[in-house]
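Have a look at the sequence and the fold, then read on.

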Amino acid sequence: MLSTSTTRSSNRSLHVNCLFSAEINLEKRSPYCSSGWTRINGRCFRYIATPMSWSRAEKNCRSMNANLASVQNIGEYYKIQKLILMRSNKYTETWIGGSDAQQERLWLWSDGTPFRFTFWCSGKPNNLRTQNCLRMNYRGQRCWADFQCYYLRPSVCAKKAWPILG
Ligand SMILES: [Ca+2]
């Protein structure tokens, strides 16, 4: 496509072609998760059994280039629940990335994605100033409730899947 009339432009053309073919390969690739992570909807998830405060759990996720999990829809939520069930043999109460610690009643995901889908238990969040972190699998409904961030709970981390050749 590009002129190859001189050595200089030929090199440049080669470079552009390499970028172009890399882009094509990227489209053919399927998302990949490294060992210990489970792929759900193009992201990699990991259940962390060690109980930690919400902030510690988030920091631990970040040490693995992840954040506490955000949840985008009900299908994803059920898959995260299934992951927790597989890893802990029950629907363990678990920290995920929702928090209203910055501003009361303004819930955010720690990974920066929009806080749209919710699965709050009835009457939750009760928006107490002392309860600013989101625990999932609360009680029989396995819904969401706000909770004191310093309580120690297992957690779920999530990060984008890497593209590799499919
Ligand atoms: Ca709150």
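## Disulfides and aromatic contacts

Cys61 and Cys157 are joined by a disulfide, with their sulfur atoms 2.1 Å apart. This bond links distant parts of the chain: Cys61 belongs to helix 2 (residues 54–62) and Cys157 to strand 9 (residues 153–160), 96 residues apart. Both Cys61 and Cys157 are buried. The torsion about their S-S bond is about -80 degrees, so this disulfide is left-handed. Please keep in mind that the model is a predicted one.

A search of the whole structure finds four disulfides. Three of them are set out here.

| Pair | S to S distance | Torsion about S-S and hand |
|---|---|---|
| Cys61 and Cys157 | 2.1 Å | about -80 degrees, left-handed |
| Cys121 and Cys143 | 2.0 Å | 105 degrees, right-handed |
| Cys133 and Cys149 | 2.1 Å | about 100 degrees, right-handed |

Where do Cys121 and Cys143 lie? Cys121 is in the loop between strand 6 (108–109) and strand 7 (133–138), while Cys143 is in strand 8 (residues 143–147), so their bond ties together parts that are 22 residues apart in sequence. Cys121 is buried, at a relative accessible area of 7%, and Cys143 is buried as well, at 6%.

The link of Cys133 and Cys149 runs from strand 7 to the loop between strand 8 and strand 9, so it ties together parts that are 16 residues apart in sequence. Cys133 is buried, with a relative accessible area of 1%. If you number the bonded cysteines in sequence order, the pairing reads 1-2, 3-8, 4-6, 5-7.

Now for the rings. The whole structure holds 14 aromatic pairs. In one of them, Tyr77 and Phe119 are tilted, at 4.9 Å centre to centre and 45 degrees between the planes. Tyr77 lies in helix 3 (residues 74–88) and Phe119 in the loop between strand 6 and strand 7, so this pair ties together parts that are 42 residues apart in sequence. Is Tyr77 buried or exposed? Tyr77 is buried, with a relative accessible area of 0%, whereas Phe119 is partly exposed at 23%.

The ring centres of Trp109 and Trp144 are 5.7 Å apart and their planes are at 80 degrees, so this pair is edge-to-face. Trp109 and Trp144 are both buried. One aromatic cluster includes Tyr77, Phe119, Trp109 and Trp144.

Two arginines also meet rings. The charged end of Arg135 sits over the ring of Phe147, 3.5 Å from its centre, and Arg142 lies over the face of Tyr91, at 3.7 Å from the ring centre.

How values were computed. Residues are numbered from 1 along each chain as its sequence is written. This is a predicted model: local features need pLDDT of at least 70, side-chain atom pairs count only at pLDDT 80 or more; totals for chains, interfaces and linings use all residues. Side-chain values use heavy atoms; hydrogens and water are left out. A disulfide is a pair of cysteine sulfur atoms within 2.5 Å. Helices (H or I, at least four residues) and strands (E, at least two) are DSSP runs, numbered from the N terminus. Buried means under 20% relative accessible area, exposed over 50%, partly exposed in between (1.4 Å probe, protein chains only). Rings of Phe, Tyr and Trp (its six-membered ring) pair if their centres lie within 6.5 Å; planes under 30 degrees apart count as stacked, over 60 as edge-to-face and the rest as tilted. A charge sits over a ring if NZ of Lys or CZ of Arg is within 6 Å of the ring centre and within 35 degrees of the ring normal.
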